[in-house]
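Dear colleague,

I am handing over the structure below, together with notes on what was found in it. Please read the notes with the coordinates open beside them.

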Amino acid sequence: MNIAIFGASGATGKLLTERCLAAGHAVTALVRTPENFPYSARVRVVKGSAFDSSAIAETLTGADAVFSALGAKSPFKNEDVLPRAVPLIVAAMQVHGPRRIIALGSAGALPTSLDKQPAYRRWIVQKIVYNVFLKYPVLEQISQYKTLSASTLDWTMVMPPMLSNAPAHGHYRIDGEALPKNGSMISRSDVADFMMQQLTNEQWLGKGVYITW
Ligand SMILES: NC(=O)c1ccc[n+]([C@@H]2O[C@H](COP(=O)([O-])OP(=O)(O)OC[C@H]3O[C@@H](n4cnc5c(N)ncnc54)[C@H](OP(=O)(O)O)[C@@H]3O)[C@@H](O)[C@H]2O)c1
């Protein structure tokens, strides 16, 4: 397949790029600084920002499916990356295709995400983690979910709790309703493996899906 990747230079984006190449897919990556991107020699690189519609259109040319692992640099600043970029990506896909997008989101994107947690944990995570420490990332992900779910695309938003750089466990819990009980962490490697599987899996089309160890 021809895969377009947004956020390919990020921690999860690099894992997705690596996995796409290993699986024999052709990759186009939109990156701001190609000189720092370790896969520049092996992928079609479009240099530019995800806030630029023409760079997005160029990235999507010829793509069969899209991965997004975009995100802000700092959790403590309002960078508005997803509220600015995702509507542009979705708009371009709705006009020119492709239809399939698998986006990395986060467990904080929906008010029902903590419904399967014990009451004390629900209170701590919502009131302290989501409302205070991760206020801006959560707002970004709420916006991403709204944009994807309002689209006519074949979208899937993969919603993990905290990400780590640990090796893949190869097994994890997934749930379409809420974050599984006491789920608090998963590695980017496991998330990237699950996102890769979605290229050929229709189970989570038009849905958000929680993933955690
Ligand atoms: N950290 C966690 O524990 C956690 C938990 C759950 C969900 N998430 C979500 O997972 C996603 C990815 O996380 P990560 O740690 O893999 O991210 P990351 O390493 O911070 O990577 C973010 C990527 O987005 C790119 N980007 C940002 N603004 C851009 C723009 N205007 N144009 C083009 N590219 C842009 C960055 O490019 P540059 O290389 O040019 O900066 C980078 O490739 C984020 O949305 C985050 O909210 C994170």
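An angle between axes counts as roughly parallel under 35 degrees, roughly antiparallel over 145, roughly perpendicular from 65 to 115, and oblique for the rest. The axes are lines fitted to C-alpha atoms, for helices over the stretch in contact, and the angles run from 0 to 180 degrees between N-to-C directions. The model is predicted, so local features need pLDDT of at least 70 and side-chain atom pairs count only at pLDDT 80 or more, whereas totals for chains, interfaces and linings use all residues. Residue numbers start from 1 along each chain as its sequence is written. Helices (H or I, at least four residues) and strands (E, at least two) are DSSP runs, numbered from the N terminus.

Helix pairs

Two packed helices are described by the angle between their axes and the distance between the axes. For helix 2 (residues 53-60) and helix 3 (residues 81-96), the axes come within 10 Å and cross at roughly 50°, and the two helices are therefore oblique to each other. Helix 2 passes helix 3 in a right-handed crossing, where right-handed means that the near helix is turned clockwise from the far one by less than a right angle, and left-handed that it is turned anticlockwise. Ser 53, Ile 56, Ala 57 and Leu 60 of helix 2 make the contact with Leu 88, Ile 89, Ala 92, Met 93 and His 96 of helix 3, two residues being in contact if their C-beta atoms, placed from the backbone, lie within 7 Å. By class, the residues of this contact are 7 nonpolar, 2 polar and no charged, with Ala, Val, Leu, Ile, Met, Phe, Trp, Tyr, Cys and Pro counted as nonpolar, Asp, Glu, Lys and Arg as charged, and the others, Gly among them, as polar.

The axes of helix 1 and helix 6 come within 9 Å and cross at roughly 50°, which makes helix 1 oblique to helix 6. Their crossing is right-handed. On the side of helix 1, Ala 11, Thr 12, Leu 15, Leu 16 and Arg 19 meet Arg 188, Ser 189, Val 191, Ala 192, Met 195 and Met 196 in helix 6, and this contact has 7 nonpolar, 2 polar and 2 charged residues.

Helix 1 and its surroundings

Helix 1 (residues 11-22) has 12 residues and reaches 17 Å from its first C-alpha to its last, close to the 16 Å expected at 1.5 Å a residue, the expected span being 1.5 Å times one less than the number of residues. Its buried residues are Thr 12, Gly 13, Lys 14, Leu 15, Leu 16, Thr 17 and Cys 20; a residue is buried if 20 or more other C-beta atoms lie within 10 Å of its own, exposed if 12 or fewer, and partly exposed in between, with C-beta atoms placed from the backbone. These buried residues pack against strand 1 (2-6), strand 2 (26-31), strand 4 (65-68), strand 5 (100-104) and helix 6 (188-197). Just after helix 1, Gly 24 takes a positive phi of about 90°.

Loops to inspect

Asp 80, in the loop between strand 4 and helix 3, has a phi near 55°, a positive value in a residue other than glycine. Asn 182, in the loop between strand 8 (173-175) and strand 9 (185-187), likewise has a positive phi, of about 60°, although it is not a glycine. The peptide bond from Gly 97 to Pro 98 is cis, with omega near 0°.

With regards
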